[in-house]
Amino acid sequence: MCLRKRSGFRPPDPIHAKIYTGPIPAERASELAMGGGRSETSTLSGAGGGQGMTTTQNSQRPNACCFCWCCCCSCSWNEEERRKPGRRKTIPSGTKMETIPNCEACTKPSMEEIRIWSQSFDKLMRNPAGRNVFREFLRTEYSEENMLFWLACEDLKQEANKNAIEEKARSIYEDYISILSPKEVSLDARVREVINRKMQDPTPHTFEDAQLQIYTLMHRDSYPRFLSSSIYKSLVHGGSRTSSES
């Protein structure tokens, strides 16, 4: 069946395309029988019968590892812990800390630092390693955008170039303030009105009120659950075991 070309027509997504369930030609059936199962490669040919191109799923997977201790928990200091007999992973397998994009560079925290995180939210947020762990927890609660917005505001405050300030402010607005963004943060109408006025002439402090509101939200809502989470408890228990053995 042919589809007439029309304006605005968009081919269906291959993922959601319907699967052919009709009869299989004899020559194709013999090929499937010889293959013995599903192949990991597929051949794409041009319309004119040109040279085919073979693609392999997951053949090129970027290495998401960075120099941050928490992002490298699967390949650096935590690797040695997992190799010891009877050791369990310090970070639960359900958490994918090695896949955090653009995590902050930091060193492995001491047991004292990990314990300090429970004393106050301010102390947690002042520590780069603490922010990375808390960010991973927010990801499990589908609220990572709160930390991303806070970090973006901190980055904007360090900017001095006017053109860069305007560009970064616009990006922050589109990513976290716009109601059309999938990463929109929760702000009240008053703060949104203030931001809309300030966006006419952006400064490093355009989102200051919004940043404070999101900081307060994380403090009151997410921080208590973080202290009770398996992510934080596993770090405390893992550090305690290491200290007792040494």
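**A buried aromatic pair**

Author: Phenylalanine 149 has 0% relative accessibility, so this residue counts as buried (under 20% relative accessible area with a 1.4 Å probe, protein chains only; exposed is over 50%, partly exposed in between). Phenylalanine 207 is at 2% and therefore counts as buried too.

This is a predicted model: local features need pLDDT of at least 70, side-chain atom pairs count only at pLDDT 80 or more, and totals for chains, interfaces and linings use all residues. Residues are numbered from 1 along each chain as its sequence is written, and side-chain values use heavy atoms, leaving out hydrogens and water.

The structure holds ten aromatic pairs (ring centres within 6.5 Å, using the six-membered ring of Trp; planes under 30 degrees apart are stacked, over 60 edge-to-face, the rest tilted). In one of them, the centres of phenylalanine 149 and phenylalanine 207 lie 6.3 Å apart with planes at 85 degrees, so the pair is edge-to-face. This pair links distant parts of the chain, 58 residues apart. Phenylalanine 149 sits in helix α6 (residues 144-157) (a DSSP run of H or I, at least four residues, numbered from the N terminus). Phenylalanine 207 lies in the loop between α8 (189-198) and α9 (208-227).

Now the surroundings. The largest nonpolar core has 40 residues (buried Ala, Val, Leu, Ile, Met, Phe, Trp, Tyr and Cys joined through side-chain atoms within 4.5 Å). Phe134, Phe149 and Phe207 have the most contacts inside this core. Helix α6 gives the most to the core, with eight residues. Beyond four places in sequence, phenylalanine 207 touches residues including Phe149, Cys153, Leu156 and Ile195 (heavy atoms within 4.5 Å).

Terms used:
Helix = DSSP H or I, 4+ residues; strand = E, 2+ residues; numbered from the N terminus.
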